[in-house]
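User: Please take me through a few residues of this structure and their surroundings. I am new to it.

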Amino acid sequence: MGGGPHIIAMAIRKIARMGHPVLLKPAEWIDDPTAPEIQHLVDDMLETLIDANGAGLAAPQVYEPLRLVMFQAPGERSVDPGLSEEEAFDHTAPLTVLINPVITPQSDEMEKGWEGCLSIPGMRGLVPRHTDIIYKGTTVDGEVLERRARGFHARVVQHECDHLEGILYPERMDDLSELIFETEAVHWMKK
Ligand code: NI
């Protein structure tokens, strides 16, 4: 490289699809969450997530096998019983970036809910997840972040952190007849 100006620009990354080996292997621990290359990766992932209109993204999905996830975390507000949790999910909720996350379930209670994944485009599945968790990790500023999450918030975090173990949501399903194309979701409403 010459001595010219070093231009840093955000970029939309390609998203790995189910079948690519990067989605199947455990991701590596990040020794320095505050490193500039991590901030750069976060910037790219954010642009990628917004472009793809997703609720969350894990670094292996952009071919970086590192323990980093981001997701929109809704607050602990009550869910309108007339809405599914997903419909009630607030897509304007603040984004959380979590490095080296660890999840601790707070009970044995599991609940099934619909999930999709940017690495499995066009599909949805009913996936059992813990309803009540505490998650802990490090921010890009090197601060420790610890939160309790329930319902859809807990579901999104478990889905994203599974990517760091090389696990995709169909592997968590107990009935693959509940793996469907998005276009057929109408048949499953209020069933
Ligand atoms: Ni996913």
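User: Which residues does R129 touch, not counting residues up to four places away in sequence?

Analyst: This is a predicted model in which local features need pLDDT of at least 70, side-chain atom pairs count only at pLDDT 80 or more, and totals for chains, interfaces and linings use all residues. Residues are numbered from 1 along each chain as its sequence is written, and side-chain values use heavy atoms, with hydrogens and water left out. By contact, meaning heavy atoms within 4.5 Å, R129 touches E109, M110, E111, E115, R155, Q158, H159, D162, Y169 and R172.

User: With which side chain does the side chain of D132 make a polar contact of 2.7 Å?

Analyst: A polar contact is a pair of N or O atoms within 3.5 Å; within protein, one must be able to donate a hydrogen and the other to accept it, and residues adjacent in sequence count only if both atoms are side-chain atoms. D132 is in contact with residues including P105, R148 and A149. The side chain joined to D132 at 2.7 Å is that of R148.

User: How far apart in space are D132 and P105, C-alpha to C-alpha?

Analyst: In sequence, 27 residues separate D132 and P105. In space, their C-alpha to C-alpha distance is 6.0 Å.
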